[in-house]
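Please read them with the model open beside you.

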Amino acid sequence: MTPKVASLLFALLGLATSAHAQTYPTKTVTIVVTASAGGVTDVVARAIAQRLSEKWGQQIVVENKGGAGHILGASQVANAAPDGHTLMIAEAGTYVINPNIYPKEKLTYDVEKDLVQITGLVRIHHALIASPSFPANSLGELIALAKAKPGTLTYGTAGVGSGPHLNMVRLENATGAKLVAVHYRGATPALTDVVGGHTNMMLISVGSALAPAEARKVKLLAIGSEKRLPQLADLPAAAESVPGYTAGTWFGLSATGGTPRNVVMKINKDVREIIAHPAIQQQFVTKQLYEPMTSSPEEFAEFIKSETQRWAKVIREQNLKIGH
């Protein structure tokens, strides 16, 4: 092949890629959510899906694929066609916890090879809530009760390795309390059982905790922030009872590895515009106490790498165990 012919083929390939990005999406786009319906991951995904559908003039389907520590949903996206028509919105655990707690032979996706990162979405603080009949009314009382009755108090999680799970394990390590994990396919079914008194407590996003707390369906024991939140100044921060302890998580958007760069950048641009829109800011940032964390694909990928390393250190130093 002569240099001239090679140059022409390269130019044609570039034009084809550019044209693909301009016409994308050419069919229905599926956003796989690695948790059950109703939780923060799902709520954020549906808000973004609605506005992307309006922008793109294409149907956007949100498919909830909870269970198996978020592995099922991530694997589906990892094995999809790399054309940008299958996306994933997932909680931090999918990206940075699973690679640290599962053997490689059991983790059916590789975050760096099988996924291409598009942007972070939002961060949240967790709230520690308990069923109305639970005898403890504060984090301090909960810790005392757990130490008096080790291995008898239960907490719900949004799945093995999820933020709510690992943050409760961290609380056990920090306080010496012995609790029993009950794993669900997402935060919503776990919340249902806490409300019903079937599970004693759980960590859940502050925004998701406020309505049931105000309706007295649950008791709000603490917020997982370093200091009290200005909007909720009457609610104690967890660090007041357990110095240095915080609890929260974040959510991101990815596509199948190998998705064309121009398509990734188009999705990144449109999603960042959606997150920055005043209506979304009011609905989530102000009302739900979410913190936006949009960025370039490269910045998000680097963030994931640093978080993976940070959690590896935490898991190793605190001897965190899964399935206890």
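1. Start with the largest pocket. Its lining counts 29 residues. Nearest the centre of this pocket lie Ile124, Ala247, Gly248, Thr249 and Arg310. The volume of the largest pocket is about 530 Å³. Keep in mind that this is a predicted model.

2. Which elements build that lining? Two or more residues each come from α4 (92-101), β4, α6 (163-175), β9 and α11 (297-318). Helix α11 has the largest share, 5 residues. By class, the lining of the largest pocket holds 12 nonpolar, 10 polar and 7 charged residues.

3. Next comes the second largest pocket, with a volume of about 360 Å³. It is lined by 15 residues. Closest to its centre are Pro99, Leu107, Asp110, Val111 and Glu112. Here the elements that give two or more residues are α4 and α11. Again α11 brings the largest share, this time 4 residues. The lining of the second largest pocket divides into 8 nonpolar, 2 polar and 5 charged residues.

4. Rolling a probe the size of a water molecule over the atoms shows where empty space is left. How many cavities of 30 Å³ or more does the structure hold? There are 3. The largest cavity has about 160 Å³ of space. Its lining has 19 residues, and the closest to its centre are Thr41, Ala158, Pro164, Ala187 and Phe251.

5. At least two lining residues each come from α2 (40-56), β4, β7 and β9 (248-256). Strand β7 gives the most, with 4 residues. The classes in this lining are 10 nonpolar, 8 polar and 1 charged.

6. The second largest cavity has about 70 Å³ of space. Its lining includes Val44, Ala47, Ile48 and Val122. Also in the lining are Ile275, Ile280, Gln281, Phe284, Val285 and Pro292. Both α2 and α10 supply at least two residues. Helix α10 gives the most, with 4. By class, the lining of the second largest cavity has 9 nonpolar residues, 1 polar and no charged.

7. Helix α10 also packs against a neighbour. Two packed helices are described by the angle between their axes and the distance between the axes. For α9 (residues 261-276) and α10 (residues 278-286), the axes come within 5 Å and cross at roughly 65°. Ile274, Ile275 and Ala276 in α9 meet Pro278, Ile280 and Gln281 in α10. The residues of this contact are 5 nonpolar, 1 polar and no charged. Among them, Ile275, Ile280 and Gln281 also line the second largest cavity.

8. Last, examine helix α7 (residues 187-195). Which of its residues are buried? They are Ala187, Ala190, Leu191 and Val194. These four lie on the same side of α7, because they cover an arc of only 100° around the axis. An α-helix has 3.6 residues a turn, so residues three or four places apart point the same way.

9. What covers that buried side of α7? The cover includes β4 (115-130), β5 (154-157) and β7 (201-205). Ala187 is also one of the residues closest to the centre of the largest cavity. Just after α7, Gly197 takes a positive phi of about 80°.

Methods:
Residues are numbered from 1 along each chain as its sequence is written. This is a predicted model: local features need pLDDT of at least 70, side-chain atom pairs count only at pLDDT 80 or more; totals for chains, interfaces and linings use all residues. Side-chain values use heavy atoms; hydrogens and water are left out. Buried means under 20% relative accessible area, exposed over 50%, partly exposed in between (1.4 Å probe, protein chains only). The arc is that of the directions from the helix axis to the C-beta atoms. Contact means heavy atoms within 4.5 Å. Axes are lines fitted to C-alpha atoms, for helices over the stretch in contact, and angles run from 0 to 180 degrees between N-to-C directions. Ala, Val, Leu, Ile, Met, Phe, Trp, Tyr, Cys and Pro count as nonpolar, Asp, Glu, Lys and Arg as charged, and the others, Gly among them, as polar. On a 1 Å grid over the protein atoms alone, a cavity is a set of points where a 1.4 Å probe fits but cannot get out, and a pocket is an open set with protein on both sides within 12 Å along at least five of seven lines; lining residues have an atom within 4 Å of a point. Grid points are joined across faces, edges and corners, and a volume is the space filled by probe spheres set on the points.
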